[in-house]
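Work through the exercises below with the model in view. Try each task before reading its solution.

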Amino acid sequence: MEFQSLAITEEYPTSIAKYWCQRYQLFSRFDDGVKMDEEGWFSVTPEPIAQHHALRCGCNLIVDSFTGVGGNAIQFSQRAKHVIAIDIDPRKIRYAHHNASIYGVEDQIDFIKGDFFRLAPSLKADVIFLSPPWGGPDYTKVDTYDLKTMLKPHDGYFLFNIAKKIAPFVVMFLPRNVNVDQLAELSLSSDPPWSLEVEKNFLNGKLKAITAYFSNGSTNEPNGI
């Protein structure tokens with residue numbers, strides 16, 4: 001316990017203390033040298049959920065648009081033939097590459113430091129995965145998470161319209177209190193409408209997040225979707 005306390009106070013800020021206790025759910029190989037910045041502690045997808053996402057998104061090529069420290073990209077690489085992992089933060093990209101090397105999958109992932117919104121016109125894939133910044137842990141303080149006002153730097157509608165030009169399957173990982181009616185609006189905003197499945201993601205018996213799976217129906221669905 002003294003070692004864990006020392007690690008929290010000297011390596012990480014005290015604000016991540018509760019996430020430190022969950023570190024093996026974030027990365028099962030945490031003790032092998034996983035690296036995370038402060039934001040990564042509360043934004044990385046817990047490994048069991050990331051594994052589930054990967055099972056549902058097996059394909060030739062998947063784009064992880066806001067890869068962060070690489071939790072999803074690592075799992076996608078074990079089900080997809082290739083992964084493009086993008087983040088605008090150079091430190092996050094370094095950490096994601098490092099973490100992928102711990103899992104032995106770094107050669108299956110192209111790590112790109114850049115602005116997803118600037119790169120989007122040049123991207124094509126079978127599946128695009130979107131886990132945009134939720135605005136930090138404060139999203140839990142509101143009853144309903146509004147895709148129009150709370151996602152940054154662009155709202156969920158703008159994000160979806162960008163994503164559907166890249167791939168026929170769009171997967172969005174969102175807060176558990178997201179406005180589900182807005183997800184339906186997204187699917188109906190296309191002509192013809194895209195199909196939508198809304199999935200609740202539980203961890204240790206508690207609702208952790210919502211995953212929305214959109215498809216335009218033009219091609220065979222990836223494994224599991």
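**Exercise 1: the sheet**

Strands β2 (residues 61-64) and β3 (residues 82-87) run parallel, joined by 4 bridges. This is a predicted model: local features need pLDDT of at least 70, side-chain atom pairs count only at pLDDT 80 or more, and totals for chains, interfaces and linings use all residues. Residues are numbered from 1 along each chain as its sequence is written, and side-chain values use heavy atoms, with hydrogens and water left out.

Solution. 
1. The open sheet has 7 strands, in the order β4-β3-β2-β5-β6-β8-β7, with mixed pairing. Strands (E, at least two residues) and helices (H or I, at least four) are DSSP runs numbered from the N terminus. Two strands pair if DSSP finds at least two bridges between them.
2. The edges are β4 (109-113) and β7 (195-203), each pairing on one side only.

**Exercise 2: asparagine 72**

Task: locate asparagine 72. Is asparagine 72 buried or exposed? Which side chain does a polar contact join to that of asparagine 72?

Solution. 
1. Asparagine 72 lies in helix α6 (residues 71-76).
2. Its relative accessible area is 4%, so asparagine 72 is buried (under 20%; exposed is over 50%, partly exposed in between; 1.4 Å probe, protein chains only).
3. Its side chain makes a polar contact of 2.6 Å with that of threonine 45. Such a contact is a pair of N or O atoms within 3.5 Å; within protein, one must be able to donate a hydrogen and the other to accept it, and residues adjacent in sequence count only if both atoms are side-chain atoms.
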